[in-house]
Amino acid sequence: MIAEKNVDLTEKDVKGIAHLARIGLEEAALAPLAKDLSNVLTLVEQLEAANTDGVEPLAHPGHSSLRLRDDTVSEENQRETLQSPAPDTRDGYFLVPRVIE
Amino acid sequence: MHEKTLAEQSRLLASGEISSSELTNHYLERIERLDGDLNSLITVTGAAAKKAATAADEKRKAGDDSPLLGIPIVQKDIFCTKDVLTTCGSRMLENFVAPYDATVVSKLDTAGMVNLGKANMDEFAMGSSNENSYFGPVANPWNRKCVPGGSSGGSAALVAARLAPAATGTDTGGSIRQPAAFCGLTGIKPTYGRVSRYGMIAFASSLDQGGPLAHTAEDCAMLLQAMAGEDERDSTSSHEPVPDFSSSLQQPLTGLKIGVPEEYFSAGLDDAVASCVQSSLAEMEKLGATLKSVSLPNQSLCIPAYYVVAPAEASSNLSRFDGVRFGHRCENAQDIEDLYKRSRDEGFGSEVKRRIMIGTYALSAGYYDAYYLKAQKVRRLISDDFANAFADVDLVAGPTTPTPAFETGAKSDDPVSMYLNDLYTVSANLSGLPALSMPCGMVDGLPVGLQLLGNYFDEVRVLNAAYQFQQATDWHTLAPNGIE
């Protein structure tokens, strides 16, 4: 396939995207990722060639709209069960490092 | 016993010739003896399986004649299983014991199936080779040097090696059909919404769909029967009535119109694969079907559109893995941002990070219109192409994959060449249509898959055509060497 345009991300770009995605990359990972992500985005650039004037975006397959359920209590409280896989909890709360000094 | 199909085992159980305990012990022994080299299972639940088998045998004695009662199955490790490790192939969930069952799991449980364990898979279902699993790659039973496909690679390898008569899979861009093709199996991705996604760890929510992998269309019809149906816990599950998927299997193909897209037989398709597919289409014609050339003008845009939509949804879905509520947490976090960033860096493998970052980029300010919105518009064009085709034909047929299984390591350094494996499969996910892959030939000792796509909620017709093809051919009966 022939690409319309080559995308060339820098290591700084990758660092910025990684920050948005909250992934703490090591320095050594940046260069290979810049190459891989650029290649994928270059592939994706082929979309540019498509004429989509007046085309409605399709977010979801199928024709029916989402259902609404009755506004009644359907689930029982299972806090302890659902918190059981958490790394750190106390008194029903999830614990994280101090946010406010 | 393991040379029988699931449907045959169902009949043997019904007639009392075998018991579920015998069948279950037989497969557990095979797993123990044969899975070492394959690495197709992450977790084996032997004790619970034996207990479930005994319970199934007791139910049968009490008069229960459910068709799947007492038949073993393996769940892809993307489905949450209560009190059982559910890893999704990731270090992130290495120690995650699910607190509840996925709807698919509880439905198959209710149908009386015996769960033998959890199948290996590409991490978070991202991959076409099963090389992206934190728990190691899976070998293809037909040729151990080759990949089994992905992301349901463990499911496909274990059914091909007769370690279970069937397994569940999920398909976001071909993850049931491509491994089914690579391992010589029949697998179906139902219409989007046919099977509940509750408890199925989300990759791309508008594309993900669960389905079965087994040896025959008849087996898949029986399994889909138990898996399908509206679920109040998944608002995207369809309220469309569930038909009897087995009722029309026997119907002859006389009058069936099969569309053959000209775009499927162009650059990128291996000649030997093309020739297998052409021969099977000729077989369909012999069985009474009419072939008609159709056009899918936007076919070449499927991969680019998919690799925007799927990563965009993935970046959103996988933001839940933050080291706070479940999953991997880094040691000695300095602050909350450090906690997020290091937990995610350590917990995710490289392909998952790539896709999250592509998605994050495509959704970020300034790029949203150019990438995400553009891809959604192209998605509409792709979907419309199929609507036009289905105005003239009942099914669309073509190759499942451009080549047979490739060697492990051959594409693992080049994401783009790996993505091109999905050339023929992603369109069914983008449009939401049902699609099946079944064995239709062999090339250099490796199976080749034929793909059949149906109109929305027309799995009955897809399964009927596949069943009739399998009555006339024996590709689906072949087994890898050393497995017989």
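The side chains of B:D234 and B:R197 meet in a salt bridge, with N to O at 3.9 Å, where a salt bridge is a side-chain nitrogen of Lys or Arg within 4 Å of a carboxyl oxygen of Asp or Glu. This pair links distant parts of the chain, since B:D234 belongs to the loop between α7 (217–227) and β7 (257–261) of chain B and B:R197 to the loop between β5 (186–189) and β6 (209–214) of chain B, 37 residues apart. Both B:D234 and B:R197 are buried, a term that stands for under 20% relative accessible area, with exposed over 50% and partly exposed in between (1.4 Å probe, protein chains only). Helices (H or I, at least four residues) and strands (E, at least two) are DSSP runs, numbered from the N terminus.

The model is predicted, and local features need pLDDT of at least 70, side-chain atom pairs count only at pLDDT 80 or more, and totals for chains, interfaces and linings use all residues. Residues are numbered from 1 along each chain as its sequence is written, chains are lettered from A and ligands numbered from 1 in the order in which they are written, and side-chain values use heavy atoms, with hydrogens and water left out.

## Other salt bridges

Over all chains, a search of the whole structure finds 20 salt bridges. One of them joins the side chains of B:K118 and B:D77, at 2.8 Å from N to O, and this pair also links distant parts of the chain, with B:K118 in strand β3 of chain B and B:D77 in the loop between β2 (72–76) and α4 of chain B, 41 residues apart. B:K118 is buried, with a relative accessible area of 0%, and B:D77 is likewise buried, with a relative accessible area of 0%.

Another salt bridge is formed by B:E351 with B:R354, whose closest N and O atoms are 2.8 Å apart. Both residues lie in helix α11 (residues 350–363) of chain B, three residues apart, or about one turn of the helix. An α-helix has 3.6 residues a turn, so residues three or four places apart point the same way. Both B:E351 and B:R354 are buried, and a network of salt bridges links A:D36, B:E351, B:R354 and B:R355.

## A buried aspartate without a salt bridge

B:D122 lies in the loop between β3 (114–119) and α5 of chain B. What is the nearest side chain of opposite charge to B:D122, and how far away is it? The residue is B:R355, at 7.3 Å, and B:D122 is buried yet has no salt bridge; for charge, Lys and Arg count as positive and Asp and Glu as negative, while His and the chain ends are not counted.

Backbone nitrogens are found beside this side chain: that of B:N130 lies 2.9 Å from a polar atom of the side chain of B:D122, and the side chain of B:D122 reaches the backbone nitrogen of B:N132 at 2.9 Å.

## Helix α5 of chain B

Helix α5 (residues 153–160) of chain B is mostly covered, with eight of its eight residues buried. The buried residues of α5(B) are B:G153, B:G154, B:S155, B:A156, B:A157, B:L158, B:V159 and B:A160. Just after α5(B), B:R162 takes a positive phi of about 55°.

## Cavities

The structure holds two cavities of 30 Å³ or more. On a 1 Å grid over the protein atoms alone, a cavity is a set of points where a 1.4 Å probe fits but cannot get out, a pocket is an open set with protein on both sides within 12 Å along at least five of seven lines, and lining residues have an atom within 4 Å of a point. The largest cavity contains about 80 Å³ of space, and of the 14 residues that line it, the closest to its centre are B:G127, B:G173, B:S175, B:Y306 and B:D422. Its lining has four nonpolar, eight polar and two charged residues.

The second largest cavity has a volume of about 30 Å³, and residues including B:Y264, B:L296, B:C302 and B:F386 line it. Helix α12 (residues 369–390) of chain B gives the most to this lining, with three residues.

## The largest pocket

About 800 Å³ of space lies in the largest pocket, and of its 30 lining residues, the closest to the centre are B:C80, B:Y100, B:Y198, B:G199 and B:R320. Both α3 (79–83) of chain A and α4 (103–110) of chain B supply at least two residues each to the lining, and the largest share, three residues, comes from α3(A).

How values were computed:
Points joined across faces, edges and corners; volume = space filled by probe spheres on them. Nonpolar A, V, L, I, M, F, W, Y, C, P; charged D, E, K, R; others polar. Polar contact = N/O pair within 3.5 Å; in protein donor to acceptor, adjacent residues only side chain to side chain.
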